[in-house]
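Please look at the sequence and the structure shown here, and read the report below alongside them.

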Amino acid sequence: MPNEGGLQLLPETRKKIEIIIPGENRLLVIGAVVLAISAALAGSLYFYNNYLEDKLVSLDGKLAALEQNRNRQSEQNILVFNKQLSMLSNLLNKHAYWTTAFSKIEGLTQSQVQFDSLIAAAADNKIDFKATAANYTTIARQIAAFLSDESITDINLSKVNILTNGRLEFTMQISFNRSKFLQNK
């Protein structure tokens, strides 16, 4: 009868002792939070994985449809045309423009020099010619004019003869740089 009528006459023989240990439930709470985060993360990764797989299947279907629409014969024709075009471009880039070379020779030739014959060899990068000139000064000016052009690498004056009319006949060989002398610019 310990608490009858609001008065307690006898002391309670049994006391309830409560011991509170700090952090007793903390590990349990942390574990539950980590488990909840892991479950949410696993669920979201599962749905994201399904989304990516669906997208992959969709793209694979589109790729298969494109593959069926390809015209392999046209692709082969385009490849052959591309190879032919590259070969033609290479040929045109290496093409010798003799009109450019003859224009240079014409521009560098002295007015008192007359050509009798001209032999050009692109393989040897040389032009041999036989010409006549009024005098030795004209021949010297002609050599200087040819050497003034950077595309001409060397001049060889091999023979000078005096003709009966007083003019000089000479033979000259011009060596040139093919990439500068025969290319159209």
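N125 is partly exposed because its relative accessible area is 24%, where buried means under 20%, exposed over 50% and partly exposed in between, using a 1.4 Å probe and protein chains only. The model is predicted, so that local features need pLDDT of at least 70 and side-chain atom pairs count only at pLDDT 80 or more, whereas totals for chains, interfaces and linings use all residues. Residues are numbered from 1 along each chain as its sequence is written, and side-chain values use heavy atoms, with hydrogens and water left out.

N125 lies in the loop between β1 and β2, and although N125 is not a glycine, its phi is positive at about 60°. The two strands form a hairpin with 4 residues between them; strands here, like helices, are DSSP runs numbered from the N terminus (E, at least two residues, for strands; H or I, at least four, for helices).

## The sheet

Strands β1 and β2 (residues 126-133) pair in the antiparallel sense over 7 bridges, pairing being assigned if DSSP finds at least two bridges between two strands. Within this pair, Q114 stands opposite T132 in β2, and S117 has K130 of β2 as its bridge partner.

The open sheet is built from 4 strands in the order β1-β2-β4-β3, with antiparallel pairing. Its edge strands are β1 (114-121) and β3 (152-162), each of which pairs on one side only, and the twist from one strand to the next averages 15°.

## Helices packed on the sheet

Helix α3 (residues 98-108) packs on the sheet and touches β1, β2, β3 and β4 (168-176), its direction making about 145° with that of β1. Contact means heavy atoms within 4.5 Å, while axes are lines fitted to C-alpha atoms, for helices over the stretch in contact, with angles from 0 to 180 degrees between N-to-C directions. Helix α4 (residues 136-148) also packs on the sheet, where it touches β2, β3 and β4, and its direction makes about 165° with that of β3.

## A nonpolar surface patch

F81, L85, L88, L91 and L92 make a nonpolar surface patch of about 500 Å². Patches of this kind join nonpolar side chains (Val, Leu, Ile, Met, Phe, Trp, Tyr) within 5 Å, from residues with over 30% relative accessible area and no salt bridge. L91 belongs to helix α2 (residues 72-93), and L91 counts as exposed because its relative accessibility is 57%.

Definitions and conventions: Patches are made of residues with over 30% relative accessible area and no salt bridge: like charges are joined within 9 Å, nonpolar side chains (Val, Leu, Ile, Met, Phe, Trp, Tyr) within 5 Å. Accessible areas come from the Shrake-Rupley method with a 1.4 Å probe; for residues, only the protein chains shown count as cover. A salt bridge is a side-chain nitrogen of Lys or Arg within 4 Å of a carboxyl oxygen of Asp or Glu.
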